[in-house]
Amino acid sequence: MFHSIMESTSIPCTSYTNPYLKSLFLLSHTVLTLLLIMESQHCLSSSPKMLILPLKTQVIPSGSVPRSPNKLPFHHNVSLTVSLTVGTPPQNVSMVIDTGSELSWLHCNKTLSYPTTFDPTRSTSYQTIPCSSPTCTNRTQDFPIPASCDSNNLCHATLSYADASSSDGNLASDVFHIGSSDISGLVFGCMDSVFSSNSDEDSKSSGLMGMNRGSLSFVSQLGFPKFSYCISGTDCSGLLLLGESNLTWSVPLNYTPLIQISTPLPYFDRVAYTVQLEGIKVLDKLLPIPKSTFEPDHTGAGQTMVDSGTQFTFLLGPAYNALRTAFLNQTSSVLRVLEDPDFVFQGAMDLCYLVPLSQRVLPLLPTVTLVFRGAEMTVSGDRVLYRVPGELRGNDSVHCLSFGNSDLLGVEAYVIGHHHQQNVWMEFDLEKSRIGLAQVRCDLAGQRFGVAL
């Protein structure tokens, strides 16, 4: 969601009862550019079999890959955004992409804080949604806060996030123009009121594009049965693919089932991409963590969400402490610990090291493997540690373990971030309710699909 990747690091250590109040955190000084290659025009009733989105990370400002005249540029600074046009006549908007949120929404009230907005009064194709409509009564059931009816009998939505940011407004529909394609009748939130704890970053976009499993998410409304992405571990280029990938040239995917529950629980996000984490290995040795530690309890707390909108991975306290202890023991002879109890990176990462600025290469680090039901994800090399931008102690830079403690944030979940998904083909199979993983060279994967990364 909007703040799963952009939220403030000063988060109160309180527990949130809403499953959508998930973790955030993304510090980045690069720009990620995706170009959407449209293979055919489509509307909500039919969609092309496959859309390929090349990814490219480069220094701000970003460029674009000259692949097709039908392209959609994405940018990645503190957030991953997509630029497109909405309405009739088209208005330029920029939307944060989030696989952890359902409702797409746009700022509809221009203010000094949010100068980039969508003006519904200028669009002849804009339509409000009454609160009596099936869209409002039947398709908003998984919203974090139930939709309501405003004084004009219009469907009203309120969204809130873990850093106390929020937005509210009315549900509506309009035409979204992507490349040469027009997506008619796409439902989104036209938000009049937005409160943000990080307004400097949030004001750079016009809104959010929700990509989770909810019925009103962007990918659900387009009707794609699956999508995949792959991020290179060398230059952070890669590709995002909507539709069937047919990876006959690649190693087989290992699948882990998506966890679904029929009964609503206070801490369980039913439309997130939830999998079952079963264990953690350090140097291929399974840590002595009871499997019950990874299982959601009777309230739904403790689910494991795969979220491309969060940079790092966050573990609940018992699992994090076991990993922290094991990693600390394995690195005691090759790394110097930062002994500063007041420094906790992004409010959740409290195992940090001092690395001399003159040392250009980190020592050999132990691998960390996340064990899922039927699949594994191994984090190795520089991805295990993250250099904190701008943080210096004398002649030393600061590097922190790239796993955080969810308990320090009051987040009742495990969150698998995109930093640990580099050089992993990630397939989200919505039709068969599963996620497929395979270790691949993502730069080579792009070449296989005819995308120059």
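Val 282 stands opposite Lys 285 in strand E18. Strands (E, at least two residues) and helices (H or I, at least four) are DSSP runs numbered from the N terminus. This is a predicted model: local features need pLDDT of at least 70, side-chain atom pairs count only at pLDDT 80 or more, and totals for chains, interfaces and linings use all residues. Residues are numbered from 1 along each chain as its sequence is written, and side-chain values use heavy atoms, without hydrogens and water.

E17 (residues 277-282) and E18 run antiparallel, joined by two bridges. Pairing requires at least two DSSP bridges between two strands. The open sheet has four strands, ordered E18-E17-E23-E24, with antiparallel pairing. E18 (285-286) and E24 (375-379) are the edges; each has a single partner strand, so one side of each lacks a neighbour in the sheet.

H4 lies across E17 and E23 (368-372), at about 15 degrees to E17. Angles run from 0 to 180 degrees between N-to-C directions, with axes fitted to C-alpha atoms, for helices over the stretch in contact. Contact means heavy atoms within 4.5 Å. Buried residues in H4 include Tyr 320, Leu 323 and Phe 327 (buried: under 20% relative accessible area, exposed over 50%, partly exposed in between; 1.4 Å probe, protein chains only).

A nonpolar core joins buried Ala, Val, Leu, Ile, Met, Phe, Trp, Tyr and Cys residues through side-chain atoms within 4.5 Å. The largest has 67 residues, and Phe 176 and Ile 280 are among those with the most contacts inside it. H4 gives the most to this core, with five residues.
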